[in-house]
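Subject: Structure handover

Hello,

Please find below the structure we talked about handing over. My notes on it follow.

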Amino acid sequence: MVVAVIALIVALGGTAIAAQNINGGAIKKQTIGGGKLKQKTLTGFQINTNKLGIVPAAKRAAHTYWAVVNNPASPGNAALARASDEGISATEGGGAVTVTFPVNISGCANVTSRNNAGTTPPGAGTAQTNTSPANANAIEVLTKDAKGDPEDADFHLIVICP
């Protein structure tokens, strides 16, 4: 029994001594692997951002589409300036420009604004959207001048799907 008590005292004493002697300063650099760290314990103070290297840019949401459309004053001449994805097209007819996407966008939110593909300020006016009743993949855009009369004009369109 005496030997057991002595062994218990030595074991407890050793743990107490180790707890007092081992701290963050006693740990040598690069001796603890990343997998042994607790989640969410490192902050920007502990991370050397200069050693991270190039961090890739965030990708856009998978279900977000956009189009920039040039629509000079004349019927039937609207054209896509640029777009987020292959398969997006713009055609003009019936007083509106129809922007067609490669997927069904009938359950998505869409926003448009008069703007242009360049750096010059757009003309005053508005742009309205409507999901095409004839094509679930298309949005119809109607542009108007400052007085509210129909007018061919450039615009930007964004569609965000769930």
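What pattern does the chain follow, read along the sequence? The answer is α-β-β-β-β-β-β-β-β. Counted by type, the chain has one helix and eight strands. Please keep in mind that this is a predicted model. The chain has 162 residues, and buried residues make up 22% of them.

Disulfide

The structure holds one disulfide. Its partners are Cys-108 and Cys-161, with sulfur atoms 1.9 Å apart. The angle about the S-S bond is 100°, and the link of Cys-108 and Cys-161 is right-handed. Cys-108 sits in the loop between strand 4 and strand 5, while Cys-161 belongs to the segment after strand 8 (155-160), so the link ties together parts that are 53 residues apart in sequence. Are the two cysteines buried or exposed? Cys-108 has a relative accessible area of 15%, which is under the 20% cut-off, so Cys-108 is buried. Cys-161 is buried as well, with a relative accessible area of 16%.

Salt bridge

In general, side chains of opposite charge can pair when their charged atoms come close. In this model the count comes to one salt bridge. Glu-151 forms it with Arg-114, and the closest N and O atoms are 2.8 Å apart. Glu-151 is in the loop between strand 7 (138-144) and strand 8, and Arg-114 is in strand 5, so this pair ties together parts that are 37 residues apart in sequence. As to accessibility, Glu-151 is partly exposed at 32%, whereas Arg-114 is buried at 10%.

Aromatic pair

How many aromatic pairs are there? The count comes to one. The ring centres of Tyr-65 and Phe-101 are 6.1 Å apart and the ring planes stand at 55°, so the pair is tilted. Tyr-65 is part of strand 1 (residues 64-70), and Phe-101 is in the loop between strand 4 (96-100) and strand 5 (109-114), so the pair ties together parts that are 36 residues apart in sequence. Tyr-65 counts as buried at 9% relative accessibility. Phe-101 is also buried, with a relative accessible area of 2%.

Rolling a probe the size of a water molecule over the atoms shows where empty space is left. The largest pocket has a volume of about 530 Å³. Its lining is made up of 14 residues, and the closest to the pocket centre are Lys-29, Gln-30, Ile-32, Leu-42 and Gln-46. What is the make-up of the lining of the largest pocket, by nonpolar, polar and charged residues? Four residues are nonpolar, seven are polar and three are charged.

One further position

Ala-127 is found in strand 6 (residues 126-131). At 17% relative accessibility, Ala-127 is buried. Ala-127 and His-156 are 29 residues apart in sequence, and their C-alpha atoms are 9.1 Å apart in space.

Regards

Terms used:
Residues numbered from 1 in each chain as written. Predicted model: local features only at pLDDT ≥ 70, side-chain atom pairs only at ≥ 80, totals over all residues. Heavy atoms only, no water. Phe/Tyr/Trp six-rings, centres within 6.5 Å; stacked < 30°, edge-to-face > 60°. Helix = DSSP H or I, 4+ residues; strand = E, 2+ residues; numbered from the N terminus. Buried < 20%, exposed > 50% of the residue type's maximum accessible area, 1.4 Å probe, protein only. 1 Å grid on protein atoms, 1.4 Å probe; cavity = no way out; pocket = protein on both sides within 12 Å on 5 of 7 lines; lining within 4 Å. Points joined across faces, edges and corners; volume = space filled by probe spheres on them. Nonpolar A, V, L, I, M, F, W, Y, C, P; charged D, E, K, R; others polar. Disulfide = S-S within 2.5 Å. Salt bridge = Lys/Arg side-chain N within 4 Å of Asp/Glu carboxyl O.
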